[in-house]
Amino acid sequence: RATGYYPYLALDCEMCYTEDGLELTRVSIVKEDGEIVYDKLVKPAKAITNYNTEHSGITKEQMEGVTTTIQDVQRELLEMIPCETILIGHSLENDLQRLKMIHANVIDTCALYPHKRGAPYRNALRYLTERFLGRKIQEGSHDSVADARATMELALLKFINGPAFGEVETDGGGLFDVLSSQEVSCVMIDS
């Protein structure tokens, strides 16, 4: 287990199905340079009914002999990640929900790189990685270490290049620009 203070960490989790639904089966955390500081398989409380290998990368063979529980992971992460550390991820609320943990300082690449159609749409991590990092991930199955590294790199790109980096350019302009170009008068009233 790694020790020391990390200002930024990127987190990604994988899940399998049990009779209770999706449950945590792997947690991976990398630091700014992509080095793994935590990577563990987690045995769910209930038996796995579907390994969800296509999306989780987890196989039955990998899970044989795993004894680490979610409580073990929670204890280790609470020791490793102080409240000052900024946790980075993609759709991070899903990972934190499966970990049954809360962390106040988070950066979600879904928010850093919004979908061109706006909320509730989200860009897929594999799309952002291919577009901005020039490589492919999640081909065949997911790897939480590769996903965590990608989210860290995407966040660092945004930090280095500024808030406008990766913003979606529109074809026309704002709604009012388009309407006025068509000589349509309009008024906006806001409560």
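**Notebook: helix packing and salt bridges**

I began with the helix pair and noted that H6 passes H7 in a left-handed crossing (left-handed if the near helix is turned anticlockwise from the far one by less than a right angle, right-handed if clockwise). The model is predicted, and local features need pLDDT of at least 70, side-chain atom pairs count only at pLDDT 80 or more, and totals for chains, interfaces and linings use all residues. Residues are numbered from 1 along each chain as its sequence is written, and side-chain values use heavy atoms, with hydrogens and water left out.

**Entry 1: H6 and H7**

I looked up the geometry: helix H6 (residues 125–133) and helix H7 (residues 144–161) pack at an angle of about 50 degrees, with their axes 10 Å apart. Helices here are DSSP runs of H or I with at least four residues, strands are runs of E with at least two, and both are numbered from the N terminus. Axes are lines fitted to C-alpha atoms, for helices over the stretch in contact, and angles run from 0 to 180 degrees between N-to-C directions. H6 and H7 are therefore oblique to each other (under 35 degrees is roughly parallel, over 145 roughly antiparallel, 65 to 115 roughly perpendicular, the rest oblique).

I then listed the contact (heavy atoms within 4.5 Å). H6 contributes Leu125, Leu128, Thr129, Phe132 and Leu133, and H7 contributes Asp147, Ala150, Thr151, Glu153, Leu154 and Leu157.

**Entry 2: H3**

I recorded Ile70, Val73, Gln74, Glu76, Leu77 and Met80 as the buried residues of helix H3 (residues 70–80). Buried means under 20% relative accessible area, exposed over 50%, and partly exposed in between, with a 1.4 Å probe and protein chains only. These buried residues of H3 pack against E1, E2, E3 and helix H4 (92–99).

**Entry 3: salt bridges**

I counted 11 salt bridges, each a side-chain nitrogen of Lys or Arg within 4 Å of a carboxyl oxygen of Asp or Glu.

Glutamate 19 pairs with lysine 46, the closest N and O atoms being 3.3 Å apart. Glutamate 19 sits in the loop between strand E1 (8–18) and strand E2 (21–30), and lysine 46 in the loop between strand E3 (36–41) and strand E4 (48–50), 27 residues apart. Glutamate 19 is exposed at 62% relative accessibility, and lysine 46 is partly exposed at 34%. Glu19, Asp20 and Lys46 are linked in a network of salt bridges.

Arginine 26 pairs with aspartate 39, with closest N and O atoms 2.9 Å apart. Arginine 26 lies in strand E2 and aspartate 39 in strand E3, so the pair ties together parts 13 residues apart in sequence. Arginine 26 is buried at 14%, whereas aspartate 39 is partly exposed at 35%.
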